[in-house]
Amino acid sequence: MNMSFAAPSPWRIHSLEAWYELLRVLRTPAFAIPSLAFPVVFYLLFAVLLPGKWGEYQKSAYLLATYGAFGVIGPALFGFGVGLAIERERGWLELKRVSPMPALAYFLAKIAMSLVFGFAVLCLLSVAAIGFGGVRIAPADWLLLVAVLLLGTAPFCALGLLIGTLVKGQAAVAIVNLVYLPMSVLSGLWMPIFVFPPLLQKLAVAWPSWHLGQMALGVVGQVPGVDYALHALVLAGTTIVLLALATWRLRRL
């Protein structure tokens with residue numbers, strides 16, 4: 001009997017891999033809960049519960065932008081950095097390499113997961129900002145903020161990918177935290193950059209997270225005269241360099 005089977009379409013392969021990656025992460029509470037909850041909890045604490053004015057800045061809108069940046073960076077870093085490191089250690093990466101699945105589907109699935117989580121974080125932050133922080137933002141500006149922040153995760157996906165190629169399993173969690181938390185603080189995502197000493201304010205430009213935060217602050221009207229093209233160019237250049245390093249490392253594994 002002659003039996004033939006139609007090969008699944010590339011769209012189906014990519015969508016299934018993305019769906020299973022999302023399910024895997026949702027079934028990992030140690031990743032899912034902090035990624036969704038921490039930015040919102042920090043926002044409510046610093047923007048709503050703690051009193052104080054920031055002069056010309058609207059604190060609740062300012063922190064919506066910076067904690068939005070903080071919130072989308074986390075899934076990108078941890079999804080790639082920790083996920084890839086664990087899958088390498090357990091041999092799953094090798095299994096996927098020898099399977100007929102396109103290699104690109106593996107990486108696109110992780111990007112899709114980070115974007116879904118990032119979007120969920122932004123929605124939760126927006127509800128908190130509008131409902132409790134008194135933020136008023138036009139729908140077009142909100143959509144622009146979401147687009148800027150989600151597209152701005154590219155260098156952090158590349159950074160997570162590089163970390164995942166360099167370290168193993170549980171060590172990746174510590175390494176990612178050692179990068180993620182200091183980078184977020186020193187680039188002004190937890191507290192405004194103007195409260196830092198002048199030297200740290202000048203050094204903040206070295207962090208890609210600072211450039212993402214400045215773009216977000218420009219969208220919500222908290223920083224005038226933002227050079228979006230320059231910040232986007234820095235983020236794109238950072239992505240290319242980190243991606244090249246990660247690709248080189250993957251070929252040596």
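Which helix gives the most to the lining of the largest cavity? In this predicted model, local features need pLDDT of at least 70 and side-chain atom pairs count only at pLDDT 80 or more, while totals for chains, interfaces and linings use all residues. Residues are numbered from 1 along each chain as its sequence is written, and side-chain values use heavy atoms, with hydrogens and water left out.

Helix 10 gives the most to that lining, with 4 residues. Helices are DSSP runs (H or I, at least four residues) numbered from the N terminus. A cavity is a set of points on a 1 Å grid over the protein atoms alone where a 1.4 Å probe fits but cannot get out; a pocket is an open set with protein on both sides within 12 Å along at least five of seven lines, and lining residues have an atom within 4 Å of a point. Volumes are the space filled by probe spheres set on the points, which are joined across faces, edges and corners. The structure holds 1 cavity of 30 Å³ or more, and the largest cavity has a volume of about 40 Å³. Its lining consists of Tyr-62, Thr-66, Ser-187, Gly-188, Leu-189, Ile-193, Trp-210, Gly-213, Gln-214 and Leu-217. Helix 3 (59-89) and helix 10 (208-219) each supply at least two of the lining residues. By class, the lining has 5 nonpolar, 5 polar and no charged residues (nonpolar: Ala, Val, Leu, Ile, Met, Phe, Trp, Tyr, Cys and Pro; charged: Asp, Glu, Lys and Arg; polar: the others, Gly among them).

Helix 1, helix 2 (29-49), helix 3 and helix 8 each supply at least two lining residues, and the largest share, 10 residues, comes from helix 3. This lining divides into 17 nonpolar, 8 polar and 3 charged residues.

The second largest pocket holds about 250 Å³ of space. Among its 14 lining residues, Ile-111, Cys-157, Ala-158, Leu-161 and Leu-243 are the closest to the centre. Helix 5, helix 7 and helix 11 each supply at least two residues of this lining, with the largest share, 5 residues, coming from helix 11. The division here is 10 nonpolar, 3 polar and 1 charged.

Helix 7 (residues 154-166) has 13 residues and reaches 19 Å from its first C-alpha to its last, close to the 18 Å expected at 1.5 Å a residue (1.5 Å times one less than the number of residues). Of these 13 residues, 11 are buried, so helix 7 is largely enclosed by the rest of the structure. Buried means under 20% relative accessible area, exposed over 50% and partly exposed in between (1.4 Å probe, protein chains only). The cover over the buried residues of helix 7 includes helix 3, helix 5 (103-131), helix 8 (169-186), helix 10 and helix 11 (228-252).

The largest nonpolar core has 70 residues, of which Tyr-43, Ile-73, Leu-77, Leu-149 and Leu-212 touch the most other members. Helix 3 provides the largest share of this core, 18 residues. Such a core is a set of buried Ala, Val, Leu, Ile, Met, Phe, Trp, Tyr and Cys residues joined through side-chain atoms within 4.5 Å. Beyond its neighbours within four places in sequence, Leu-77 is in contact (heavy atoms within 4.5 Å) with Val-82, Phe-156, Leu-159, Gly-160, Val-176, Tyr-180 and Met-183.
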